[in-house]
Amino acid sequence: MADLKNLFLITKHQIFLTSLFFLSLFLLSSSLLPVLSPSLIVSSFTSRLLTAANFFSSPSPTSASSDKATLYSVSPRRIRVKNESNRIELTSCDIFDGSWVSDDTKPVYSPGYCPFVEDKFNCFKNGRPDSGFLRYRWQPHGCSIPRSDFGCSVDFIKSPFLVQESEVLDGYGKRKETLRLDVIQGSIKKIYKDADVIVFNTGHWWTHQKTYEGKDYFQEGNRVYEKLGVKEAYTKALHTWADWVDSYINMTKTRVFFVGYSSSHFRKGAWNAGGQCDGETRPIQNKTYTGGYPWMMKVVESVISDMKTPVFYMNITKMTWYRTDGHPSVYRQPVEVRGSSPATGVFQDCSHWCLPGVPDSWNQLLYATLLVSHGSLPYKSLGTLL
């Protein structure tokens, strides 16, 4: 559930904390409990980020129309940083490589009081008794991340696959669901033009049984594949997305991000087979990362490397792998629904996240990436942003 599943358009219209940005992304995955897989940073994107840094270093043009909601660009003048040393420090640091450290700083919003948090992620409201999971801060090795301070407005578009969910008639005249691997999700096309920042994500829904099995589900043109492997289907979908981005996104105005997987932590089975994570109150203490690297992210890297549009890849997999304590587990539901104690047979949510919680740290990483991208980056540091 803290599955990032989708895409945002960031604009300056009202004052919002950056936390609402990734919070919206987080809330996208609020439907079924998926089985997640976890993501390493590739230096092969270095040259592409050099291009990105060059065009990101200039302020984007703004749009100014008073009679409709307008999306404004994010410029250095609107990023409030206490000193230039913060930006310089970040350029020599891999912000996605670090550890969780104790921190008594209060969350950016009080537990239970954010109106944008769905009840299923509101662990405080659903009776989670411990609050220690709120007292950790992501600390990259070699630099510090500035706290999220930003003026923006957020549009949230639900598009778990990035390509279009559809229907066809079977041989008996009945409708059956398909996934059009060759057509971008329609809702994406309606609102992207004025966006200054767009954040994409897809992956977790590709692990659902119907998608993973690939039987009579994937469609290209008028053809519905009787059987198509999920890796091939995912690759086709990503190429459709990449072609659309390259064709329609204005690189001089809009920055494109792709967010990787957040890790899941099911013990003793999958989410629908008795998987558990209740009782976890601390992050994993072993500093050696053993979470692996999802094959889907390898596909993403391959596709992005062939794009003409610079894409920033935010690799949050490792940082989330340590946080076994951050999931709703049994506190996805209120006590009157789940009972007074964890009941056998109750699905535990070990893939989404309690809010406030782990996803709030992603806001800071986004902010840091935006901050660094406004200056020309040394060649050696560019790979750390992807």
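Which residues of α6 are buried? The first close-up answers that, and the others follow from there.

This is a predicted model, in which local features need pLDDT of at least 70 and side-chain atom pairs count only at pLDDT 80 or more, while totals for chains, interfaces and linings use all residues. Residues are numbered from 1 along each chain as its sequence is written, and side-chain values use heavy atoms, with hydrogens and water left out.

**View 1. Helix α6 and its buried residues.** The buried ones in α6 are Val230, Ala233, Tyr234, Ala237, Leu238, Thr240, Trp241, Ala242, Trp244, Val245 and Asp246. Buried here means under 20% relative accessible area, exposed means over 50%, and partly exposed is in between (1.4 Å probe, protein chains only). Helices (H or I, at least four residues) and strands (E, at least two) are DSSP runs, numbered from the N terminus. The length of α6 checks out, because its 19 residues should span 27 Å at 1.5 Å a residue and its end C-alpha atoms are 27 Å apart. That expected span is 1.5 Å times one less than the number of residues in the helix.

**View 2. The largest nonpolar core.** This core has 40 residues, and those with the most contacts inside it are Phe200, Trp206, Phe218, Tyr234, Trp241 and Phe258. Two or more residues each come from β6 (175–184), β7 (197–200), α6 (230–248), β10 (255–259), α7 (295–305) and β11 (311–314). Helix α6 gives the largest share, nine residues. A second, separate core of 27 residues includes Cys93, Ile145, Met314 and Ala368. To count as a nonpolar core, a set must be made of buried Ala, Val, Leu, Ile, Met, Phe, Trp, Tyr and Cys residues joined through side-chain atoms within 4.5 Å. In soluble globular proteins, nonpolar side chains tend to be buried together.

**View 3. Tyr234 and its surroundings.** Zoom in on Tyr234 and, leaving aside neighbours within four places in sequence, you find it in contact with Thr202, Gly203, Trp206, Phe258, Trp295, Met296, Met297, Val299 and Val300. Contact means heavy atoms within 4.5 Å.

**View 4. Strands β7 and β10.** These two strands run parallel and are joined by four bridges, with Phe200 standing opposite Phe258 in β10. Strands count as paired if DSSP finds at least two bridges between them. Both faces of β7 are covered: Val197 and Val199 are buried on one side, Ile198 and Phe200 on the other. In a regular strand the side chains alternate between the two faces of the sheet.

**View 5. The four-stranded open sheet.** The strand order is β5-β6-β8-β9, with mixed pairing. At the edges sit β5 (163–169) and β9 (223–224), each pairing on one side only. Strands β5 and β6 are antiparallel over seven bridges, and Gln164 stands opposite Arg180 in β6. Their hairpin has five residues between the strands, and Gly173 there takes a positive phi near 80 degrees. Strand β8 (residues 218–220) pairs with β9 in the antiparallel sense over two bridges, and Gln219 stands opposite Val224 in β9. Helix α6 lies across β5, β6 and β8, running at about 50 degrees to β6. For that angle, axes are lines fitted to C-alpha atoms (for helices, over the stretch in contact), and angles run from 0 to 180 degrees between N-to-C directions.

View 6. Most residues other than glycine have a negative phi, and most peptide bonds are trans. Asp216, in the loop between α5 (209–213) and β8, has a positive phi near 50 degrees. With a relative accessible area of 36%, Asp216 is partly exposed. Lys268, in the loop between β10 and α7, also has a positive phi, near 60 degrees. Lys268 counts as exposed because its relative accessibility is 71%. The peptide bond from Leu355 to Pro356 is cis, with omega near 0 degrees, and Pro356 lies in the loop between α9 and α10 (359–373).

**View 7. Ser329 in its loop.** Look for Ser329 between α8 (317–321) and α9 (335–338). Is Ser329 buried or exposed? At 6% relative accessibility, Ser329 counts as buried. Apart from neighbours within four places in sequence, Ser329 is in contact with Cys277, Asp278, Phe347, Gln348 and Asp349.
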